Each structure stands twice: as structure tokens, then as C-alpha cells.
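Here is a friendly walk through one protein model, meant to be read with the structure open beside you. Shall we take a look at what its side chains and helices are doing?

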Amino acid sequence: MAWLYAEYIADELLRTGRLIPASSLEFRAGRDTLALTIYLSDAAGELSGIRVVSQLDEWLSLTAYGHPWRDWAQTRILQLGEEARERGGEDPDLELARAAWHWLDRTELYATNLDQAAPDRREGEPGLDENARIWTPAWQLGLPLGHLAMHLF
């Protein structure tokens, strides 16, 4: 249930932000990235409605530009897998999270090059060229979408 709840929270955050159509692959990338962030950051395994608002700051810091999210996610998945093996079995929530991670890591979307809008860009340089597109891992596109959706919440 923890994964499904994390996915529900992520879905609601993105729908509330109305950044992109819910039927798009970009929406799925944002939802899955945000759901993984929510699920993997829940160390106590007790996602609850009241804690959602109190967790927004943590989720914002995990999805912020420059945070090593990919390494953090991989490490947390491995840790949770080891904990599940020590308990003597697999965790169905973790299996769903792994499936989302595999999709995010192995799928590339043709999207605007967001690196050209990085905060360390020099003054006087041209702004974001929305026509400059590159193939981007789905998680890399999902991070700023999830981050922005939380700010709009």
C-alpha cells in the first residue's frame, strides 16, 4: 500500500499544478519520479495524510537542481531490498518502486534541454531555447516537474 499511496500523492501534486496533460509520458515521468522520492524518503514506512505537508520541504530538497537524486534513489532501493531480505521476503511495494525506477532509468523522452537554463548560467547569455531538444532520461525530466508541482501546491 505504501507505493500506491506515494503514487497517489505524486499524482495529486502534479494534477494540482496543471503543468502538463495527465495523459502524457512527461506526466508519467513526473509522477513516477515524485512517487519514488516520496516512497524512498519514508524511512519509517508510515506515510500518512498529516505527514504529507510536513514532508514537502524534504521532498523539495531531494528534487532540487543539483541534488544527486539518481544515486540517492539507487542507494535507497538497494537498502530497502536488503532490509526486505533480512526480514525473509520481498516487499510488494518495493517491487512496484523498482518497476517505476527501471522505466524511469531506461526510458528517454525527447524534451527541451533544461540544462541550458541551469542556475549557474552567466549573465547576458540567451535564455532558455524551448526548441533546443535532446533525448533525456525520464527521471531527469520528472525531477523538475515534480519539484515545480510541489512549489505550486
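## Arginine 98 and its partner

Arginine 98 is buried, with a relative accessible area of 19%; here buried means under 20% relative accessible area, exposed means over 50%, and partly exposed lies in between (1.4 Å probe, protein chains only). Its side chain meets that of glutamate 95 in a salt bridge, 2.5 Å from N to O. The term salt bridge stands for a side-chain nitrogen of Lys or Arg within 4 Å of a carboxyl oxygen of Asp or Glu. Glutamate 95, at 36% relative accessibility, counts as partly exposed. Both arginine 98 and glutamate 95 lie in helix 5, 3 residues apart, about one turn of the helix.

Before going on, please note that this is a predicted model, in which local features need pLDDT of at least 70 and side-chain atom pairs count only at pLDDT 80 or more, while totals for chains, interfaces and linings use all residues. Residues are numbered from 1 along each chain as its sequence is written, and side-chain values use heavy atoms, with hydrogens and water left out.

## Other salt bridges

How many salt bridges does the structure hold? There are 8. In one of them, aspartate 32 pairs with arginine 28 at 3.4 Å, N to O. These two residues both belong to helix 2, where they sit 4 residues apart, about one turn of the helix. Aspartate 32 is buried at 3% relative accessibility, whereas arginine 28 is partly exposed at 31%. Salt bridges that share partners link Glu7, Arg28, Arg31 and Asp32 into one network.

Helix 4 holds another pair: glutamate 82 and arginine 85 are 3 residues apart there, about one helical turn. They form a salt bridge, and their closest N and O atoms are 3.3 Å apart. Glutamate 82 is partly exposed at 37% relative accessibility, and arginine 85 is partly exposed at 46%.

## Overall layout

The protein has 6 helices and 2 strands. Helices (H or I, at least four residues) and strands (E, at least two) are DSSP runs, numbered from the N terminus. Read from that end, the elements follow the order α-α-α-α-α-β-β-α.

Of the 153 residues in the protein, 43% are buried. Contact means heavy atoms within 4.5 Å. Among the contacts with a separation of 6 or more, 72% come from residues 24 or more positions apart.

## The nonpolar core

The largest nonpolar core has 38 residues, and those with the most contacts inside it are Leu36, Tyr39, Leu40 and Trp69. Helix 1 (2-17), helix 2 (25-41), helix 3 (49-63), helix 4 (69-86), helix 5 (92-106), strand 1 (108-112) and helix 6 (138-152) each supply at least two residues of this core. Helix 2 gives the most, with 8 residues. Such a core is a set of buried Ala, Val, Leu, Ile, Met, Phe, Trp, Tyr and Cys residues joined through side-chain atoms within 4.5 Å.

Tyrosine 39 has its place in helix 2 and is buried at 7% relative accessibility. Leaving out residues up to four places away in sequence, tyrosine 39 touches Ala2, Trp3, Ala6, Leu80, Asp91, Asp93, Leu94 and Ala97.

Two packed helices are described by the angle between their axes and the distance between the axes. Axes are lines fitted to C-alpha atoms, for helices over the stretch in contact, and angles run from 0 to 180 degrees between N-to-C directions. Angles under 35 degrees count as roughly parallel, over 145 as roughly antiparallel, 65 to 115 as roughly perpendicular and the rest as oblique.

The axes of helix 1 and helix 5 come within 7 Å and cross at roughly 45°, so helix 1 is oblique to helix 5. Ala2, Trp3 and Leu4 of helix 1 make the contact with Asp93, Leu96, Ala97 and Ala100 of helix 5. For helix 2 and helix 6, the axes come within 7 Å and cross at roughly 75°, which means that helix 2 is roughly perpendicular to helix 6.
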